[in-house]
Amino acid sequence: MSAPQTHEPARQLGLLLMSGQQWVMTSLLRLMEERGHVNLNASHLTFLSNLDCGDTYASAVARRMGVSRQAVYRSTRELQRLNILKLETDETRKTQKIIRMTKLGQKIVMDARACLNTIENALSERIGERALATLVANLSRDWGPPLSGD
């Protein structure tokens, strides 16, 4: 007599996307730790990914992330304590604050980019180049505005 077959229910797309994001972030944090960046967490890396290469205004980061400027300042202060960012007053627009990366911040961003390339290469090996290209193409499409209950 054979064992009864159990069928796992199909996982919903939203859960699959969150699981994929978790896999990427966990891999990124582990690879960054191997490069000596032990004080970083997922929030730090997400915040840094929303900064421009040069000077960035806190208000622009808030808009990009969909958070308040106060939340941006909290994250910036935390990253200042880690010597990754510095916050300065814009001399031309006194009410605006500029977020700048320190040398360490620049190194972290360069290392994160290299780690993300490693992750993408590993994923390509695991699921195949064609599957990865299809995934990237579909995730890059315009999905339109988020849905609402209206």
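1. Trp 143 is exposed, at 57% relative accessible area (exposed means over 50%, buried under 20%, partly exposed in between, with a 1.4 Å probe and protein chains only). You'll find Trp 143 in the segment after H6. Keep in mind that this is a predicted model, where local features need pLDDT of at least 70, side-chain atom pairs count only at pLDDT 80 or more, and totals for chains, interfaces and linings use all residues. Residues are numbered from 1 along each chain as its sequence is written, and side-chain values use heavy atoms, leaving out hydrogens and water.

2. Trp 143 belongs to a nonpolar surface patch together with Leu 13, Leu 16, Leu 17, Ile 127, Leu 135 and Leu 139, and the patch has about 670 Å² of accessible area (Shrake-Rupley method, 1.4 Å probe, only the protein chains shown count as cover for residues). Patch residues have over 30% relative accessible area and no salt bridge, with nonpolar side chains joined within 5 Å and like charges within 9 Å. A salt bridge here is a Lys or Arg side-chain nitrogen within 4 Å of an Asp or Glu carboxyl oxygen.

3. Helices H1 (13-34) and H6 (129-140) each supply at least two patch residues, and H1 gives the most, with 3. Helices are DSSP runs (H or I, at least four residues), numbered from the N terminus.

4. H1 also packs against H2 (residues 42-49) at about 95°, with axes 10 Å apart. Axes are lines fitted to C-alpha atoms over the stretch in contact, and angles run from 0 to 180 degrees between N-to-C directions. The two helices, H1 and H2, are therefore roughly perpendicular (65 to 115 degrees). Met 25, Leu 28, Leu 29 and Met 32 of H1 make the contact with Ala 42, Leu 45 and Thr 46 of H2 (heavy atoms within 4.5 Å).

Note on methods:
Parallel < 35°, antiparallel > 145°, perpendicular 65-115°, else oblique.
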